Amino acid sequence: MKIKHIFSTIQTESQHPATDGVGHGRYIPGFRTIVLSLCLSMLGVVFVAGTVLFARVYTVVGDMENRIEQYILMERLSQELREGRRAFADWFAAIENRDTAAADTAVQQVGYYRYRALYTVRLLNADYDESPQMYFLNRGIVNGLSFIENTVYALDRPVVELTAATYNTYYQVLKVFDYLLTYTNYRYLSAAVASDVQALTQNMERIRQLRTLSVVILLVLVGAGSAAAVIITRMLSMHVRRMLTTAVDITRGNLATPDLLLTGPREFVLLKDKLNHMKSSLNDRIALESRLHHQELEHEKITKELEHARYLSLQAQINPHFLFNTLNIISHTALFERAEKTVSLINSLAAVFRYRLEFKQTVTLEAELMFVRQYLAIQKARFGERLLYDVRYNTALAGFEMPPFVIQPFVENAVKHGIEPMEAGGMVTVAVRRLPAADEHGGTDSGCIEIMVEDDGHGIPADFSVSFLEQEQSEHIGITNVIKRLTMYYGRLAGFDIRRRTETGGTTVTLRLPERR
């Protein structure tokens, strides 16, 4: 009744709002707090009821577990007494057969099972106030085990002649074992059952009470929750329907609908206010979209003009066919004039231009090294005897595919910074070989191609590092470009190293390209 009164009060006040500072009406303050408090109260009731039920169930279950554990202990005690009796019989038989080793083993087993039985019987409940019979039976079992210990200790010595007294003692111990088994399996078990009957009856009654109490609490919680849900849903659905109707009108383009009154709970007042602002801003947005559309048309026009300008710029570049035809004419003219060096130089230059102007994502190692040879031939014509070069590789690697323009920048760097400053010149060596690498299964199916570019020129500084290349991009932009392209193409699989060849000079550049991308 209190919950229903709270929501009826909220609904009544929301239907008769007072004006606020804005002039649209006053919303009910603290609605979310009331709902939250109600939910927390219900959760608190559930928690308290659950805690009480759990505590009572835990008490009943704990009591039943303890009593079941007592029966398990009695079964274990019976098993240990049987094993001890069997070990004692084996021990006496070994004494009769004069088998000292078997006797030692058997007497150890007797002591072990006696100790286990004594430990188990002490775990059994033997409260005098609860059951005097079980208390005396427990004490009797302990005394019987003590008697067995003393008797076995007295007999455990070399026996020359087995007398009638020895046999009497043996049968007396066996009878004690039988008494202990009778106490455990019948008398102690009967006493435990008689003691547990009343407790089990009480536990069954408690379980029935808990079951009834659980059903009552569940029905009360379900009823209260259902009533609260119905009241909240009916009150909130009214505001939701109004906002939904306005939203549908807005989506259909009807922006002339009247504004929603800012009444009801705080959350719905905020939503209605935002919906009103959204409706009023849609008119402004329509005008803004019209202006943006006009600007997009202007942008598209400018983009087309830029594309046209780029096309004209490309047309203004050197026509590759015209360039190759011109170089071909010059080559033939030099051939007729018997200028063989000029013919070779022009052919190398034409091959270099053709290789550079052809757009390919990958090239073969053979094509890349041919391009390097042609470049070195041009540099050879410039430096003459000051420049020596050697390009060697295994022909089995000729078909290896790689990105273009990878080796030439390092060769150019070797000529420009290594050989050119040297008055006596020097030599540039390009060597390619295959390095096998063990795969994850221990084989050598995967490997990499190692490309080494060496020169015996001036040499890089001793403190040279790759970060120096990034700082000096204007000077080493070709090398930086190669490193970035290899990183993009191979990821972390590619390797790069540059170092001083010897203390006197020279540079060695090592590239490792994986066979698998």
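The side chain of T507 reaches the backbone nitrogen of I460 at 3.2 Å. That is a polar contact, meaning a pair of N or O atoms within 3.5 Å; within protein, one must be able to donate a hydrogen and the other to accept it, and residues adjacent in sequence count only if both atoms are side-chain atoms.

A word on the model before I go on. This one is predicted: local features need pLDDT of at least 70, side-chain atom pairs count only at pLDDT 80 or more, and totals for chains, interfaces and linings use all residues. Residues are numbered from 1 along each chain as its sequence is written, and side-chain values use heavy atoms, with hydrogens and water left out.

Now the overall picture. The protein chain has 12 helices and 7 strands. Those are DSSP runs, numbered from the N terminus: helices are H or I with at least four residues, strands are E with at least two. Of the 517 residues, 32% count as buried. Buried means under 20% relative accessible area, exposed over 50%, partly exposed in between, with a 1.4 Å probe and protein chains only. Take contacts between residues at least 6 apart in sequence: 71% of them join residues at least 24 apart. Contact means heavy atoms within 4.5 Å.

Back to T507. Where does T507 sit? In strand β7, residues 507-514. T507 is buried, at 7% relative accessible area. Leaving out residues up to four places away in sequence, T507 touches V453, E454, D455, G459, I460, I498, R499 and R501.

Next, E454, one of those neighbours. E454 belongs to strand β5, residues 447-455. The side chain of E454 makes a polar contact with the side chain of T508, at 3.4 Å. E454 and V430 are 24 residues apart in sequence, yet 6.6 Å apart in space, C-alpha to C-alpha.

On to the helices. Helix α9, residues 365-383, packs with helix α10, residues 408-419, at an angle of about 20 degrees, and their axes are 10 Å apart. So α9 is roughly parallel to α10. Axes here are lines fitted to C-alpha atoms, for helices over the stretch in contact, and angles run from 0 to 180 degrees between N-to-C directions. Under 35 degrees counts as roughly parallel, over 145 as roughly antiparallel, 65 to 115 as roughly perpendicular and the rest as oblique.

Which residues meet? From α9, E368, F371, V372, Y375, L376, Q379 and F383; from α10, Q408, V411, E412 and V415.

How enclosed is α10? Largely, because 9 of its 12 residues are buried. Those are Q408, P409, F410, V411, N413, A414, V415, G418 and I419.

Look at F410, in helix α10. F410 counts as buried, at 3% relative accessibility. F410 and V453 are 43 residues apart in sequence and 6.9 Å apart in space, C-alpha to C-alpha.

F405 lies in the loop between β3 (401-402) and α10. Phi of F405 is near 60 degrees, a positive value in a residue other than glycine. Most residues other than glycine have a negative phi.
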